[in-house]
Amino acid sequence: MERQVTGLKRPRRRASKGLITVGVALVILLVASAVLAPSSLSQGAVLGMLPFASVLAVVGLGQMLVVQQGGIDLSVPGAVSLAIVIVSRIPNGDNALLVPAILLAFGFAAAAGLLNGFLVGRLGLNAIIATLGTNALLFAAVLGISGGSPTTTTRLLQSVAGGLSFGIPNSVFFAAVVSVVVIVLVKKTVAGRRFEAIGANPTAARATGLRVRVHQTAAYVWAQLLYCIAGVLLAGITAQPTAFQGNTYLIPAVAVVVLGGTSLLGGRGFPLATVVAAVFLSQLDQFNLAVGVPYAVRTLVQAAALAVGVALYTIDWSRVRGRFTSSRPTKVATTV
Amino acid sequence: MILLNNQTYVPADDLVAVSVPTLSLSDITKTYAGVVALENVSFDVLPGEVHALLGENGAGKSTLMNVASGTVQPDSGTIRVGGETIDVLSPALAAASGIAIVHQHPAVLPDMTVLENLQVALPASAFSSTAASSASSAPDAAGSVEQIAGRMLAEMGLTAHLRDRVETLTVAQKHLLEIAKALALKPRILVLDEPTAPLGQDSVDLLFARVRAAVADGTSVIYITHRMAEVRQLATRVTVLRDGRFRGTAAVAEITDDELLALIVGRKLESTFPPKHEADGTEPVNFVLKGFTGPGFEDVNASTTRGQILGVAGVVGNGQSELLRALAGLESFTGTATVADRAVTPTELLHRAGYMPADRHREGLMMTLTVQENAAISALTKFKKFLVLSSPREVTEVGSTLDSLNVKAPAMDAVVSSLSGGNQQKVVMARALLSEPLIVVADEPTQGVDVGARLEIYKILRQVSASGIPVIIASSDAKELEGLCDQVIVMSRGHAVDLIVGDEITEERIVRAAVSSTTHTIEVPTVRKQRPLAGTKVRSEGFARFVQGDYAPTVLLVGIIVLLGAFIFSQNARYLSAFNIYSVLTLVAALGFIALGQTIALIIGGIDLSVGPLAGFLVVVGSFFFNDDKPLSIVALGLVLMFVVAIATGFVNGALIRFGKFTAIAATLTLYIALQGLSFLLRDSPDGYIGSGVTAVMTTKVGPVPIAFIVLVVVAVLLEFALRRTRWGRRLRATGSSEESARRIGVNINKTVILAYMLTSIFAFVGAIMLMVQIGVGDPAQGVSYTLTSITAVVLGGTSLLGGRGTFIGTLFGSILLIQVLNATTFLGLSQMWQYIFQGVLILAAAVLYSVARSRKKKLEALA
């Protein structure tokens with residue numbers, strides 16, 4: 001029932017459903033870790049987990065932007081792998097070449113993003129097909145540059161991306177900065193608010209005069225830039241990254257977006273919840289490792305989490321409850 | 001004889017012949033959430049008569065006909081068909097009783113041909129020669145399906161070719177097709193809901209002739225219309241509804257236009273109105289339309305002064321919405337629109353007009369966002385402080401606007417979908433006002449709005465108008481325009497047929513202008529010429545139809561495959577060695593089967609991401625059974641188990657999509673991850689070698705060609721045939737083409753979709769058997785990549801990701817090309833990089849080429 005008030009209640013700051021869900025899940029997991037597998041919370045384990053959680057968080061944020069526009073980005077593996085290969089192969093140990101290499105990686109990322117954006121936003125191609133094609137081209141670039149063999153990263157990158165400051169992995173700081181930037185851009189700027197509105201209902205957004213295609217294109221460009229950052233970080237964290245390192249991030253990236261509460265149909269994004277979901281999935285790995293359950297269980301948990309995450313938003317739970325608690329409303333029969 | 005009493009229905013004895021009414025509805029009452037749609041309405045139709053049903057929008061005509069066709073169950077009342085009382089009339093029972101209804105919006109399937117549309121909607125018996133010969137007057141009525149279908153079209157004067165895609169038809173032609181479908185059923189009762197709205201004069205004459213012929217055969221026709229002229233031309237009796245109540249039945253010959261009009265108008269006032277603008281003669285003109293023409297309306301002229309509200313009246317669908325959309329900058333226009341002495345462009349209007357669309361859910365609001373976000377979206381730049389938004393300023397300003405409109409909601413950050421219709425509309429208004437608009441354009445501003453909120457909305461519109469912003473309102477409720485507007489344009493079939501000013505604006509005058517108009521349609525929304533007659537267009541037609549058809553990509557693929565093959569052969573003669581042919585075709589077989597399955601998922605408008613991991617998982621399962629040391633019974637058991645797993649996977653996919661309301665991506669991605677997990681659960685590393693006996697069976701070949709490939713080709717051809725020629729295939733494509741239309745013509749969507757996903761999984765199972773032999777061991781990491789390659793193969797083959805059109809043959813060749821390209825790199829001595837380049841370029845080129853070809857065709861049509 002609507003409340004009859006003159007003067008609407010002003011908004012209050014509240015945590016989203018997704019953030020609460022995934023936050024509670026993380027707390028439960030941490031408690032379970034502490035009780036059942038204390039070794040998964042040892043300093044070494046946590047320091048080992050956090051860099052990968054950071055990378056997943058950054059990739060997840062990129063995927064979130066695309067999902068907000070009702071799309072999906074399958075070019076994550078190619079994008080992450082390409083960034084890794086460029087920043088490790090081109091300097092080939094020479095610290096002086098690191099910065100140009102990183103700039104080059106961003107250039108490639110922007111180009112890939114524009115390609116995706118053009119194909120989806122402008123030509124109206126299906127996001128799956130467009131990003132699938134782009135992914136293949138990105139991997140072609142990966143193989144063209146690396147020849148398929150892994151390279152050792154430069155010392156400089158290793159110390160910057162893989163090092164510790166104040167006892168915390170540097171990648172965490174990078175991920176934190178990226179998260180804050182994404183949150184401010186999406187939630188606090190004119191462009192960001194329009195971006196969310198377009199994702200929620202492009203038809204209505206068009207009717208109010210918003211530039212729908214520009215924002216849809218921008219989503220893919222921003223996403224690629226974030227994948228690039230993730231790739232650079234990963235190149236520093238892993239001593240000898242392979243040319244196909246990005247492959248392992250596609251599915252988890254989609255999973256953290258959905259777990260964070262962002263609908264695959266587009267609309268509002270939940271960056272903070274996405275980041276928390278990334279930590280959750282990464283800690284789940286540590287936990288499984290410590291408890292000794294096989295890799296398979298982790299995957300099954302991901303699938304279950306995804307199913308629950310989607311079902312929370314798609315199924316009309318009040319109706320389901322109604323079906324179980326009360327008998328169905330009887331149809332008034334046609335009187336004779 | 002006129003019956004003016006609202007409550008009692010007295011049959012007009014002198015009209016009702018002794019015959020039993022074909023359909024009789026008595027004392028029908030239907031309420032929706034407390035709102036009365038029909039109250040004790042009685043209506044009957046006799047054999048061989050045309051009974052017109054008149055009334056304004058919202059009078060209850062459509063609801064009554066939905067009751068008659070079984071799609072709406074009344075709260076109370078009696079339904080008799082042919083004198084027999086029916087307790088619950090279902091759509092199926094209505095159809096079986098010979099009730100056919102032609103809706104205002106044709107239930108046609110754009111991706112299918114005219115012939116297929118007829119075939120999917122009509123029972124097979126409609127095409128049997130006996131049915132045709134008994135019904136048609138022509139002596140040579142017997143003939144092939146094409147001939148019979150051709151006659152159905154010819155009888156309606158529909159000039160389209162049977163093999164034309166319905167997508168390429170004009171709105172009028174789609175309507176004729178819909179009517180042809182209904183007539184082909186030889187119904188006892190035919191309900192026509194405003195059939196002439198999109199038709200030109202020729203088609204109207206033909207339609208009337210057909211209706212008369214059907215009536216002569218004893219069919220009862222219920223004819224819903226807004227136009228009195230048509231009632232006079234066609235109907236024997238007329239019944240008028242108003243506000244869901246019966247107003248009277250009369251013989252058309254015995255009632256005058258004025259008497260009919262008196263029955264139609266006079267709705268009870270649902271709301272009071274704020275006082276109108278008192279002109280003192282000094283106000284400047286602030287809004288002028290001159291020769292304003294756009295898609296769906298023509299040469300509209302108007303001029304209002306400051307403080308005047310301009311109304312746009314007419315029966316729904318006569319160009320009012322299009323006119324308002326043009327004023328909101330959403331359609332292009334010619335002529336001029338002047339706001340405050342300055343001509344405005346569509347782009348300017350798009351950004352500066354405060355548009356309140358009729359369909360709030362689709363076009364008005366971002367339903368998942370909050371009240372505040374919705375209201376603020378057009379005015380965000382106002383709240384900018386440096387680079388970021390100032391939250392306090394936004395909250396204060398948006399809040400005060402929402403308060404001034406008296407929006408009732410739990411809070412500003414409540415989700416807008418939780419508000420009542422009236423409050424949602426106020427949020428739309430708040431957005432328009434916050435954006436400081438040039439003009440305010442409101443389409444049906446009080447539709448779905450409760451009475452209390454209506455007055456408030458009227459008052460706000462008055463205030464806006466008084467402040468000097470021109471206000472234009474379209475409404476199908478003449479009473480509302482009478483109460484609110486200072487000038488009213490009446491639209492009929494896209495033309496402004498009347499301009500009413502000041503005190504002359506009365507409901508009666510508006511309705512009279514709308515219903516007595518005899519203008520003819522300018523074919524909304526595409527003002528394009530009728531296609532030339534069949535004889536004159538034969539030269540290019542066949543080729544054009546082929547290019548637009550499903551097989552053009554296939555021919556292109558065959559060309560590329562041959563050229564590429566010839567090129568590689570010229571570089572390396574070993575390319576066509578028996579060994580290479582064998583190994584390439586073996587690879588094609590595995591991919592091909594999985595891709596055939598994927599094609600099914602895409603044709604219904606979905607996608608199946610789980611095929612790859614499913615194939616991989618099935619291999620892992622198989623690796624426990626298909627070993628050298630296992631007896632045949634165990635092998636058979638494994639086969640059955642694999643099959644069951646596949647079917648179960650497909651069922652879960654389909655059920656999640658249909659019952660869990662998952663998107664196809666979400667559902668199949670869940671299964672993708674789960675199946676991968678299960679693979680690793682059964683085997684954490686490759687193990688379980690596939691027995692040589694099984695391998696030998698599966699690798700049998702004829703010459704250099706593996707048997708498996710031959711089976712694949714045969715299956716693809718059979719599937720293609722089924723897709724084109726069987727009920728299953730047509731239903732599959734109907735579902736993908738337009739789920740809503742498919743449902744209306746009686747396709748069981750849930751069953752079709754779930755079966756489709758199960759079939760997709762079954763093909764993944766067949767592919768898995770091929771894969772098992774190729775991999776030779778239960779490797780949990782294998783198979784996954786087949787998801788993306790199968791999608792690539794299907795897209796190369798020309799199947800649309802939008803659903804509704806596709807081809808299995810194309811998929812077959814798509815698979816061949818894909819494998820050929822990967823194989824080519826080895827023979828050309830190219831690095832692995834080229835595999836990826838070829839793959840990426842192929843899929844993007846195919847997607848761009850096919851989709852651009854399609855959209856350009858549409859664009860050309862819009863221009864023509």
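Is G483(B) buried or exposed, and at what relative accessibility? At 14% relative accessibility, G483(B) counts as buried, where buried means under 20% relative accessible area, exposed means over 50%, and partly exposed lies in between (1.4 Å probe, protein chains only). The model is a predicted one, in which local features need pLDDT of at least 70 and side-chain atom pairs count only at pLDDT 80 or more, while totals for chains, interfaces and linings use all residues. Residues are numbered from 1 along each chain as its sequence is written, chains are lettered from A and ligands numbered from 1 in the order in which they are written, and side-chain values use heavy atoms, with hydrogens and water left out.

To stay with this glycine for a moment, G483(B) sits in helix α17 of chain B, which covers residues 478–484. Helices (H or I, at least four residues) and strands (E, at least two) are DSSP runs, numbered from the N terminus. Setting aside neighbours within four places in sequence, the contacts of G483(B) are F273(B), P274(B) and K276(B); contact means heavy atoms within 4.5 Å. Although G483(B) and P274(B) are 209 residues apart along the chain, their C-alpha atoms are separated by 8.1 Å.

Beyond its neighbours within four places in sequence, S26(B) touches V41(B), S42(B), G77(B), T78(B) and R80(B).

Chain B as a whole contains 32 helices and 26 strands, and 58% of its 864 residues count as buried. Where contacts in chain B join residues at least 6 apart in sequence, 73% of them link residues at least 24 apart. The accessible surface of chain B amounts to about 33000 Å², with 62% belonging to carbon and sulfur atoms; such areas come from the Shrake-Rupley method with a 1.4 Å probe, and for residues only the protein chains shown count as cover.

Turning to chain A, the model shows 14 helices and 2 strands. Its radius of gyration is 22 Å, close to the 20 Å that the globule rule gives for 336 residues, so chain A is as compact as a globular protein of that length. The radius is taken over C-alpha atoms, and the rule is 2.2 Å times the number of residues to the power 0.38. Along the principal axes, the C-alpha atoms of chain A fill a box of roughly 90 × 55 × 45 Å.

Within chain A, D94(A) is found in the loop between α3 (76–89) and α4 (98–122). With 35% relative accessibility, D94(A) counts as partly exposed. The C-alpha atoms of D94(A) and K188(A), 94 residues apart along the chain, are separated by 40 Å.

Finally, the two chains meet in a contact that takes 87 residues from chain B and 75 residues from chain A. I673(B), Y836(B) and L844(B) supply 9% of the area that chain B buries against chain A, more than any other three residues. Between them the chains bury about 6800 Å², 69% of it on carbon and sulfur atoms, where buried area is the accessible area (1.4 Å probe) that two parts lose on being put together, summed over both.
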